[in-house]
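Hello,

Here is the structure we talked about handing over. Please open it, and then read on for what was found.

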Amino acid sequence: MRRLARSTSALGVVAAMTVAVLLATSPAHATMGVIQRPISDFVDAQGSTNLFIPPVPDYIGWFDNPPHEFASVDYAGLVSEWLIQNGGPNLGTIVSGTVVDRPLQDGRTLVTVVLNTQNANSWVVPFGADFATGPLLFGYRGQDLLANPSLTPALCGSHFRVDFKNTAPGAALPDLVDAFILGNAAPGQELRMLSFRAEGNGPLRAEFGVPDGTPGRLGVSQTGLFMTQFQGATGDGFPAERVDLTVIGQ
C-alpha cells in the first residue's frame, strides 16, 4: 500500500476544496445528464491488488509533510471484508456514500465519489518502514487481528472524496491504486482531486515511546489537487498533508 507519489500524488484547506468543487461542476467542464450510481460500483472495484501489505488488498495510505509517519485507514472496508472472509473478527466497519457521474463534452465523464466510513481499522508506521512488516506506532494490521482476535484494534471514522475523469458515462470505475498509483489507468481516466480526513482512537505501541497499549488518538488530513500548475503551495499536488498521532489527554 502506498500513497500517491508527490509529483502526481495524497483535506484540509477549505479554499482549495472550493476551487476543486467549482472546477468539477462548472459549465465549461460538465453538461446535463448527471447520473447517480450505487456506491458499490466504486467500492467493489477497489482492492484488486495486494502488493503492499499482502495478503490484504491494497488501498491508499497517507504520509505527513515533512514525512515522519505513514497512516493506513480502511476507508473502503477492504480489511474488514478480508478479515470476515478469512474467519477473523468483525470490526463493525460500515461504508456509505455516493457516486455521481457528470457527462463531459468530450464524451468522458467526471466522477465524484464520497465515502463515509465508521469503525475503519487503522494503523501507523514510521516513515520509511516496510508497510507490511515495519514496527507499528499505533494500532494493528489486519494480519495481526486475524492471528490474534483478542487484540484491540484502532478504529477511525473517515471522510473520503475523490474526483476523476472516466472513459464514458456509466463505464466501470477504476481501482484507485491500480489505475493511479501503479499506472494502469485506461486511456481517458484522469485523477483530478482527492481529499481525506480521519479521526479515531486506539492503542499506541511501544515503538511510539510509551508503554504498549497506551490509549492514543490518530488524526489524518490530506488534500490532493491535480488540476493545478504544481507551483507554490501546490507544488507537489498536496497543499495539506497531516498525520497527527498523540497520547490521549496530552
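Predicted model: local features only at pLDDT ≥ 70, side-chain atom pairs only at ≥ 80, totals over all residues.

**Salt bridges**

Glu 190 and Arg 192 form a salt bridge, with 3.1 Å between the closest N and O atoms. Glu 190 is partly exposed, at a relative accessible area of 28%. Arg 192 is buried, at 12%. The cut-off for buried is under 20% relative accessible area, so Arg 192 falls below it.

The pair does not stand alone. Asp 106, Arg 108, Glu 190 and Arg 192 are linked in a network of salt bridges.

How many salt bridges does a search of the whole structure find? The count is nine. Two further ones are worth a look on screen.

- Arg 37 pairs with Asp 41, and their closest N and O atoms are 3.0 Å apart. Arg 37 is buried, with a relative accessible area of 10%. Asp 41 counts as partly exposed, at 29%.
- Asp 244 pairs with Arg 242, again through a salt bridge, with the closest N and O atoms 3.0 Å apart. Asp 244 is partly exposed, at 31% relative accessible area. Arg 242 also counts as partly exposed, at 48%.

**The chain as a whole**

The protein chain has five helices and 10 strands. It runs to 250 residues, and buried residues make up 53% of them.

Please turn to strand S5, residues 109-126. Is S5 enclosed or open? Of its 18 residues, 14 are buried, so S5 is largely enclosed by the rest of the structure.

Which strands pair with S5? Take them one at a time.

- S4 (residues 94-103) pairs with S5 in the antiparallel sense, over 10 bridges. Val 100 has Thr 112 in S5 as its bridge partner. S4 and S5 form a hairpin, with five residues between the two strands. In the turn, Gly 107 has a positive phi of about 95°.
- S7 (residues 154-166) is joined to S5 by 12 bridges, and this pairing is antiparallel too. Ser 122 stands opposite Ala 154 in S7.
- S3 (residues 69-73) runs antiparallel to S5, with five bridges between them. Glu 69 has Pro 126 in S5 as its bridge partner.
- S6 (residues 138-139) is also antiparallel to S5, and two bridges join them. Val 124 stands opposite Phe 138 in S6.

**Where to start**

Then go to the hairpin of S4 and S5, with Gly 107 in its turn. From there, step along S5 to its antiparallel pairing with S7. Finish with the Arg 37 and Asp 41 salt bridge.

Best wishes

Technical notes
Residues numbered from 1 in each chain as written. Heavy atoms only, no water. Helix = DSSP H or I, 4+ residues; strand = E, 2+ residues; numbered from the N terminus. Buried < 20%, exposed > 50% of the residue type's maximum accessible area, 1.4 Å probe, protein only. Pairing = 2+ DSSP bridges. Salt bridge = Lys/Arg side-chain N within 4 Å of Asp/Glu carboxyl O.
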